[in-house]
Amino acid sequence: MIAILQIVQLLLNVLWWVIVVQAILSWLIAFNVINTYSDFVRTVWNALQRITEPLYRPIRRILPDFGALDLSPMVVLLIVYILSNIVLPNIMMNYMAATAGV
């Protein structure tokens with residue numbers, strides 16, 4: 001059980017970095033530091049979009065429209081933080097306490 005929770009923790013950390021990289025890449029594209037005419041940039045951008053879009057879509061439906069400002073990545077990062085630093089450690093501690101008493 002602890003191994004599964006550690007795998008979930010690792011996946012949440014990877015997701016955190018994917019969202020951060022996507023945010024930085026979107027800023028670089030928006031300010032024309034890099035462009036999507038490059039095959040590599042376009043491939044990375046499309047891959048990151050496909051990974052994160054299913055996470056952003058439900059949050060975008062709930063959040064009001066702020067125009068060009070998209071707050072859904074920040075909300076997803078907040079959810080990932082809560083899961084990895086509050087929920088998973090509590091589940092792990094409760095599991096360890098339950099198995100220690102056996």
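A crossing of two helices is called left-handed if the near helix is turned anticlockwise from the far one by less than a right angle. In the predicted model, helix α1 passes helix α3 in a crossing of this left-handed kind. Helix α1 comprises residues 2-30 and helix α3 residues 72-100, and their axes come within 10 Å and cross at roughly 165 degrees. Angles over 145 degrees count as roughly antiparallel, and α1 and α3 are therefore roughly antiparallel to each other. On the α1 side, the contact is made by Ile2, Leu5, Gln6, Val8, Gln9, Leu12, Leu15, Trp16 and Ile19. The residues of α3 that take part are Pro73, Val76, Leu77, Val80, Tyr81, Leu83, Ser84, Leu88, Ile91, Met92, Tyr95 and Met96. Sorted by class, this contact of α1 with α3 contains 18 nonpolar and three polar residues, and no charged residues.

Helix α1 also packs against helix α2 (39-62). The axes of α1 and α2 come within 10 Å and cross at roughly 125 degrees; the two helices are therefore oblique to each other. The crossing of α1 and α2 is left-handed. From α1, the residues in contact are Leu15, Val18, Ile19, Val21, Gln22, Leu25, Ser26 and Ile29. These meet Val41, Val44, Trp45, Leu48, Gln49, Ile51, Thr52, Leu55 and Tyr56 in α2. The contact of α1 with α2 has 13 nonpolar and four polar residues, with no charged residues.

The remaining helix pair considered is α2 with α3. The axes of α2 and α3 lie 9 Å apart, and the helices pack at an angle of about 110 degrees. Angles of 65 to 115 degrees count as roughly perpendicular, and α2 and α3 are therefore roughly perpendicular to each other. In this contact, Leu55, Tyr56, Ile59 and Arg60 of α2 meet Ser72, Pro73, Val75, Val76 and Ile79 of α3. By class, seven residues of the α2 contact with α3 are nonpolar, one is polar and one is charged.

The largest pocket has a volume of about 430 Å³. Its lining consists of 18 residues, and those nearest the centre of the pocket are Ala23, Ser26, Trp27, Asp70 and Pro73. Each of α1, α2 and α3 supplies at least two residues of the lining. The largest share, seven residues, comes from α1. By class, the lining of the largest pocket has 13 nonpolar, three polar and two charged residues. Ser26, which is among the residues nearest the centre of the pocket, is also one of the α1 residues that meet α2. Pro73, likewise among the residues nearest the pocket centre, takes part in the contact of α3 with α1 and in that of α3 with α2.

Definitions and conventions
Residues numbered from 1 in each chain as written. Predicted model: local features only at pLDDT ≥ 70, side-chain atom pairs only at ≥ 80, totals over all residues. Heavy atoms only, no water. Axes fitted to C-alpha atoms, helices over the stretch in contact; angles between N-to-C directions. Helix = DSSP H or I, 4+ residues; strand = E, 2+ residues; numbered from the N terminus. Parallel < 35°, antiparallel > 145°, perpendicular 65-115°, else oblique. Contact = heavy atoms within 4.5 Å. Nonpolar A, V, L, I, M, F, W, Y, C, P; charged D, E, K, R; others polar. 1 Å grid on protein atoms, 1.4 Å probe; cavity = no way out; pocket = protein on both sides within 12 Å on 5 of 7 lines; lining within 4 Å. Points joined across faces, edges and corners; volume = space filled by probe spheres on them.
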